[in-house]
Amino acid sequence: MAPASSFAFADILKVLDALPMGVLMVSPEGKVMHMNQSLAALTGFNSDPARGLPCRHVLRSRCCVAGCELGCRLFDAKGSTTPPPLWREELEQGLAALASGRPLAAASLETDLLTLKKRKVPVRLTHFPVHDASGRELFRLDIIEDLTELKNLETRLHQAHGHGKIIGRSAAMERLTALIPNIAPSGAPVLITGETGTGKDLLAETLHQASQRSREPFIRVNVSPLPEEMLVAELFGHTGPDTPEQPGRFQQASGGTLYIAEIADLPKGLQTRLAAYLDTGSILPVGATRETRPNVRLVTATNRDPDHLVRQGLLSRDLFHRLNTVHLILPPLRERKEDIDFLLRHYLELFAARFKKQFTGFSGAARDLLAGYNYPGNVRELKNIVEYAAMICNCAEIDVDSLPAHLGTPLSETGVDAEPRQGKQRKGKKTTL
Amino acid sequence: MNAAKLALLTVCRNEIAPRFDMAAEVLIAPMAPGDAPPDPDGNDCKRLVLAHISSEELCDLITRSGVATVVCGAIEEDYYHYLRWKRIDVICDVMGHESAVLEKLVSGVLKDGDRLYT
């Protein structure tokens, strides 16, 4: 281990100042020990006047205020108007500990902070507690990365890919979209049902975007085949005597929306916990003794009939009745065929732009074939068909040849057969080639 | 006695909440220049715990309550300008205990960025 004296204090601060990302050193009492120049530029605070202030008033990140999810329990730390001396000894000891190569337990999350110029900046906050050889915490090192550029890029990509909006001009879809402005602002739980590919995820995200929670996180949960105990920790977070508090999806979605993609895949024990959350508004993280109230709107979805799931015992009746406050049903594409032509044109424009091609549209035969197909995979399948066609077609007009071969054949495995007329058309076209 | 105007402080654990949009509690106090600062726990002051943490709902509460001055920590530009447009004084980036803040506010010397820790 390098001796502490081998570190020149001024040099340490110079190195920190030269780093391209923000660095905040916080004492175990929650007071700012040092902030580097990158963080000073980002937040608008000057390093010296910020020294001694409670870190929550300097960093001003969402997680600092909501209860630091990184394990920082420093809210009661009082600040001081008189700047304290630099924590020179602790800094040197901490740097020596870092140089010793002892691994640091880092925790990281995405949040945002408010600058002195009143700008909200999305950031990634990574938190390293630094201990001396005896295990005493010397200080906490917070690394703050500005995610503004990444978030802007993400928004542009979403717009280019047509995400974030529900498309449909049929009466069924118009009835559904007309409900969104009324449903979105309420905090009521929502249950979305619809076959695969009908746009349940998109509808959940649209509800979030249209709500007052739109600036808060939208967290999507896919229930993976994990043991129930791990799923509980994944969803509700966990804490322990020797481990820092680990936020679950509820804590990550604080103030925003938590979307559970397939509610019936949740184990029954977890369903009971969710029902309790809908009743009380509070959750109990694993290993915690005190409940927390995360203020999260719950949106759930299933591609099966919820009544049938209840009868089968896959969905708790209690949970179903609580989720059923608002029940949105997405109709399958075969029941709103008037949307097909509009969707075909929409996705053709989208993929033409992506593949840098120009199309005038679909030929009459191709349009007939596509209009007659039953789309067991719904809008997702239609989108994939158009993407395939736009990819392989080198003509101005997309003809039957550019469509996937399976469109002309009966889809017996899905239980939904294509209409025979379309199959004949497809075969007829192929024979002419 | 001077006419009292209402001041609203966004608070968290008896100090100014670090962020306006994350404040779960507000303290509404009558402010008459020259009078003694009101006791935050006295009958003159009203403490409200908000059902939802939201800047929009907070702005709605402020405009409906006839508040003349808002004292808060960090605030986003949109909400700051909205409140100013509604002719409400906003003293922001304030840090410190609510009693210390009320004392400076009633004396008319509280300003943006004041750090009132002792």
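**Strands, salt bridges and cysteines**

Author: B:Ala7 stands opposite B:Ala29 in E3(B). The model under discussion is a predicted one.

Reader: How many bridges join E1(B) to strand E3 of chain B, and do they run parallel or antiparallel?

Author: Strand E3 covers residues 25-31 of chain B. The pair B:Ala7 and B:Ala29 has been named already. E1(B) and E3 run antiparallel, and the number of bridges that join them is seven.

Reader: In E5(B), which residue is the bridge partner of B:Leu8?

Author: E1(B) is also joined to E5(B), by four bridges, and these two strands run parallel. In E5(B), the partner of B:Leu8 is B:Val70.

Reader: Which residue of the hairpin of E1(B) and E2(B) takes a positive phi?

Author: Strand E2, residues 15-16 of chain B, runs antiparallel to E1(B) and is joined to it by two bridges. In E2(B), B:Glu15 is the bridge partner of B:Cys12. The hairpin has two residues between its strands, and the one with a positive phi, near 50 degrees, is B:Arg13.

Reader: How many of the eight residues of strand E1 of chain B are buried?

Author: Strand E1 spans residues 5-12 of chain B. It is largely enclosed by the rest of the structure, because the number of its residues that are buried is six of the eight.

Reader: What is the distance between the closest N and O atoms of A:Lys120 and B:Glu76?

Author: A:Lys120 forms a salt bridge with B:Glu76. A:Lys120 lies in strand E4 (residues 120-131) of chain A, and B:Glu76 lies in the loop between strand E5 (67-71) and helix H2 (77-85) of chain B, so the pair joins two chains. B:Glu76 counts as buried, at 11% relative accessibility. The closest N and O atoms of the pair are apart by 3.5 Å.

Reader: Which residues are linked with A:Lys120 and B:Glu76 in a network of salt bridges?

Author: The search of the whole structure finds 28 salt bridges over all chains. The network that holds A:Lys120 and B:Glu76 also links A:Arg62, A:Asp112, A:Glu216, B:Arg19 and B:Asp21.

Reader: How many residues apart are A:Asp265 and A:Arg304?

Author: A:Asp265 forms a salt bridge with A:Arg304, with 3.5 Å between the closest N and O atoms. The pair links distant parts of the chain: A:Asp265 is in the loop between strand E8 (257-260) and helix H12 (268-280) of chain A, and A:Arg304 is in the loop between strand E9 (297-302) and helix H13 (306-312) of chain A; the number of residues apart is 39.

Reader: Which residues make the nonpolar surface patch of about 270 Å²?

Author: One of its members, A:Met391, is found in helix H17 (residues 378-392) of chain A. A:Met391 is partly exposed, with a relative accessible area of 45%. The patch is made by A:Tyr388, A:Met391 and A:Ile392.

Reader: How far away is the nearest cysteine sulfur from that of A:Cys393?

Author: The structure holds zero disulfides over all chains. A:Cys393 is in no disulfide, and the nearest cysteine sulfur belongs to A:Cys395. A disulfide needs two cysteine sulfur atoms within 2.5 Å, whereas the sulfur of A:Cys395 is away by 4.6 Å.

Reader: How far apart in space are A:Val221 and A:Ile263, C-alpha to C-alpha?

Author: A:Val221 is found in strand E7 (residues 218-221) of chain A. A:Val221 is buried, with a relative accessible area of 7%. A:Val221 and A:Ile263 are 42 residues apart in sequence, and in space their C-alpha to C-alpha distance is 9.7 Å.

Reader: What ipTM does the predictor give the complex?

Author: For chain B, the mean pLDDT is 89, and 97% of its residues reach 70 or more. For the complex, the predictor gives a pTM of 0.53 and an ipTM of 0.90.

Methods: Residues are numbered from 1 along each chain as its sequence is written. Chains are lettered from A and ligands numbered from 1 in the order in which they are written. This is a predicted model: local features need pLDDT of at least 70, side-chain atom pairs count only at pLDDT 80 or more; totals for chains, interfaces and linings use all residues. Side-chain values use heavy atoms; hydrogens and water are left out. A salt bridge is a side-chain nitrogen of Lys or Arg within 4 Å of a carboxyl oxygen of Asp or Glu. Buried means under 20% relative accessible area, exposed over 50%, partly exposed in between (1.4 Å probe, protein chains only). Two strands pair if DSSP finds at least two bridges between them. Patches are made of residues with over 30% relative accessible area and no salt bridge: like charges are joined within 9 Å, nonpolar side chains (Val, Leu, Ile, Met, Phe, Trp, Tyr) within 5 Å. Accessible areas come from the Shrake-Rupley method with a 1.4 Å probe; for residues, only the protein chains shown count as cover. pLDDT is the predictor's confidence in each residue, from 0 to 100.
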